[in-house]
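Visitor: I would like to learn how to read a model like this one. Could you walk me through it, feature by feature?

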There are 2 protein chains.
Amino acid sequence: MTDLVKMAELAKKASIKMSALNTDIKNEALKKIAQSLKENKEKIFEANKTDLYSAKTLVNAGEITQSTYNRLKLDENKFQDMVQGVLDVAKLDDPVNKVLLKRELDKNLILEKISCPIGVIGVIFEARPDVISQISSLAIKSGNVVILKGGKEAKETNTSIFNTVKDALSLIPEFPQNVINQIFSREEVSELLQMDKYIDLIIPRGGNSLVKYIKENTKIPVLGHADGICHIFIDKSADKDMTEKICVDAKTQYPSACNSVETILIHKDYPYIKDLIITLKENGVWMKGDEVCQKLIPDIEKATEKDRSTEYGEKTVSIEVLSDVDEAINYINTYGSHHTDSIITNDKTNGNKFCSLVDSAGVYINASTRFADGFRYGFGAEVGISTNKTHARGPVGLEGLTIYKYKLTGAGQIVDDYVKHKKSFTHKTLN
Amino acid sequence: MTDLVKMAELAKKASIKMSALNTDIKNEALKKIAQSLKENKEKIFEANKTDLYSAKTLVNAGEITQSTYNRLKLDENKFQDMVQGVLDVAKLDDPVNKVLLKRELDKNLILEKISCPIGVIGVIFEARPDVISQISSLAIKSGNVVILKGGKEAKETNTSIFNTVKDALSLIPEFPQNVINQIFSREEVSELLQMDKYIDLIIPRGGNSLVKYIKENTKIPVLGHADGICHIFIDKSADKDMTEKICVDAKTQYPSACNSVETILIHKDYPYIKDLIITLKENGVWMKGDEVCQKLIPDIEKATEKDRSTEYGEKTVSIEVLSDVDEAINYINTYGSHHTDSIITNDKTNGNKFCSLVDSAGVYINASTRFADGFRYGFGAEVGISTNKTHARGPVGLEGLTIYKYKLTGAGQIVDDYVKHKKSFTHKTLN
């Protein structure tokens, strides 16, 4: 038995204990974690310095980007947010043990559908030091066990935060062992991906290639999204100012976010195409366009077929002019990534048609795609954004880390009596 | 492009239209199907005769079992149930377009979580002629598109029912094309399993080896269960009569059902072990037991390690004597299939502990495991029983064929205003 199999087996056992842990102990654990993080602040910053020192060399050698370096760097603000994030999860409702349905099947035969944790979750993420405490908190509150694998650039920081979390949990006698686990190597990740006996869900948090690799190499359900190719369709009736404001926000507010717009589609009869292009240009956006756009403003780069499904992740956007909302819907369903798409319109029928027929996790009318986020939706925290068509879609909060079981409490009932019509079901909903 | 890719692509397109289809048209379609089935009854029975003629040869050659033959055989009762099943689905609530959450994020910025169909579902099933009409009805009501692959023994019957369904749908001008699709060969199944671009969910309905094969050969989410290894734990305090009644029902009422009991665990201090064994024997149950059982009744066959995880599917059961409820919970979580497990007890604490810690889709107190069924739970119809830990668990009804999308209706809001604290979220729940 490898060390990882042993770890996974213990994790599975811990998950049974976690499923029955009461809310008070879970919240106490979260508060202890927040406190320990504060107490170990210096140690964590020291570890982060070590990572940053190695990372600087990699930046200079061109092996990692400056933005990876920036994400890796812990500062006072990020640290405060990290601690506050843990305390915020303590304040959220416990998603476990909720009676989702209560039904009398017959006299003294009561069916309850009760929410419960999923079990053991593998989380694979890239260099961001706040993920360990954030995911650990969400896992604890939802009664799940996690096996965490962070980016190698953040190894010292992650280990320091991981140990802080573990130590904090060990102060609570009722808290089960082996709830928060860490692995380090790529080899362990490939082994983990094969362990469908022990691991119930994999959550990859990172770039497109990480997510694609994971989806292609496991039979375990994967929750997440590979691409974030979001669209805005500007209808004929769209308000000029609103259009420009939303497009600038969706592209420039945080260009590397997955919910930033990548393709702007414009109704051929929208009267202010040229004004929009000028506004985008003034806001530092690089545009690629079709022939119509190029005719309007000659210095726009020509868009190719590949631009139709490119997530730029920077201040670049492709623009196409289309005939109507139906063409836009079809375009988005064909080239999009089913993440978040918005229509700007004053025509309610077109707005609702767009929302009904665009097959995406988020469908918006007159709002920036950047709103696709668990905090902005009021979920308190998010595990990530899913473009799955099963289990959980869109920003996933605590609820997405739960499933349910059916509890049936009887008084000796047998099926034969119902098959032979000696008894019959009442099927009375009780909640 | 192969014919199957073409079919899948058209199915995907049809799924967009289906997602917006209103309830009346869906119900009209179901009524037309029921009517057409009645009108084409003779044709369908003719097709079934052809299948039965070939099947008889296979039974004689020992290639298929008599019970497969019996399942394949359509009779008056099965046909009536089939027609009634379609009409029953028409009566169920439409699971699509339900507002699951309505929240004001800010003034004039309204978030709605709206249920919607999953998309394109591949259903692979073995020889049972009623599956085509049942799954087609559930798919239509939930707004999904299906690609069906039935057992080759039922090819003529399936095709005849399939054509009846298709012809009925073609009578309704508003009903989209390509909603119900059929494939025939194993090669097409393996091709289908690779089409994660078009197929959103696979539902296998059949024996263990079919389900295992599918789970091992696709990246598409699979909804179902391979094994049904259900347990009954008889606690020290269990009532004698109740125990015997439940054990007989759970084992003999329909032994080949997935929710029949396979292993009976008995508390060492339960005083009526011998009586239970005698009762089971009188009811034609073949028992395999541990040493304790063998000492009590010498003619019990010795159980081996393999019996701990065997789904007999017939009137055979393995029996083990254990120390307490904790050992039983651990046993069930280790050797079970997370389907349905029951405790018989007069001790409420043990009952609730069992339900809390047994990690199964169904956890029962004082009731037969045979209750695990969508109709008995009052879901009206079921797609199957799932032992998944994500999306849907236990008997899956119409709701399990849906997911949701987030619709955000704004008035030009942008994220930058909230990041810069010019505006703040209200997060007011409206439903």
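Predicted model: local features only at pLDDT ≥ 70, side-chain atom pairs only at ≥ 80, totals over all residues.

Visitor: What rotation superposes chain A on chain B?

Guide: A rotation of 180° with 0.0 Å of shift along its axis brings chain A onto chain B, with an RMSD of 0.1 Å. That is the relation of a two-fold axis. In chain A, the C-alpha nearest the axis belongs to His391(A), 1.8 Å from it.

Visitor: Why do the copies meet through the same surface?

Guide: Because 100% of the interface residues of chain A are also interface residues in chain B.

Visitor: Which strand of chain B is joined to β13(A), and by how many bridges?

Guide: Strands of a sheet pair through backbone hydrogen bonds, either parallel or antiparallel. In this case five bridges link β13(A) with β16 (residues 402-413) of chain B, and the two run parallel. For a spot to look at, find Ala367(A), which stands opposite Gln413(B) in β16(B).

Visitor: What is the strand order of the open sheet?

Guide: Its eleven strands run β10(A)-β9(A)-β11(A)-β8(A)-β7(A)-β12(A)-β13(A)-β16(B)-β2(B)-β1(B)-β17(B), with mixed pairing. At the edges stand β10 (301-302) of chain A and β17 (428-429) of chain B, each with a single partner strand, so one side of each has no neighbour in the sheet. Within chain A, β9 (residues 286-289) and β11 (residues 316-322) pair in the parallel sense over four bridges. There, Lys288(A) stands opposite Ser318(A) in β11(A).

Visitor: At roughly what angle do the axes of α6 and α7 of chain A cross?

Guide: Two packed helices are described by the angle between their axes and the distance between the axes. For α6 (residues 131-141) and α7 (residues 155-170) of chain A, the axes cross at roughly 35° and come within 9 Å. On the α6(A) side, the contact is made by Ile132(A), Ser133(A) and Ser136(A), while α7(A) contributes Asn158(A), Ile161(A), Phe162(A) and Val165(A). By class, this contact has four nonpolar, three polar and no charged residues.

Methods
Residues numbered from 1 in each chain as written. Chains lettered and ligands numbered in written order. Axes fitted to C-alpha atoms, helices over the stretch in contact; angles between N-to-C directions. Contact = placed C-beta atoms within 7 Å. Nonpolar A, V, L, I, M, F, W, Y, C, P; charged D, E, K, R; others polar. Pairing = 2+ DSSP bridges. Least-squares fit on C-alpha atoms with pLDDT ≥ 70 in both.
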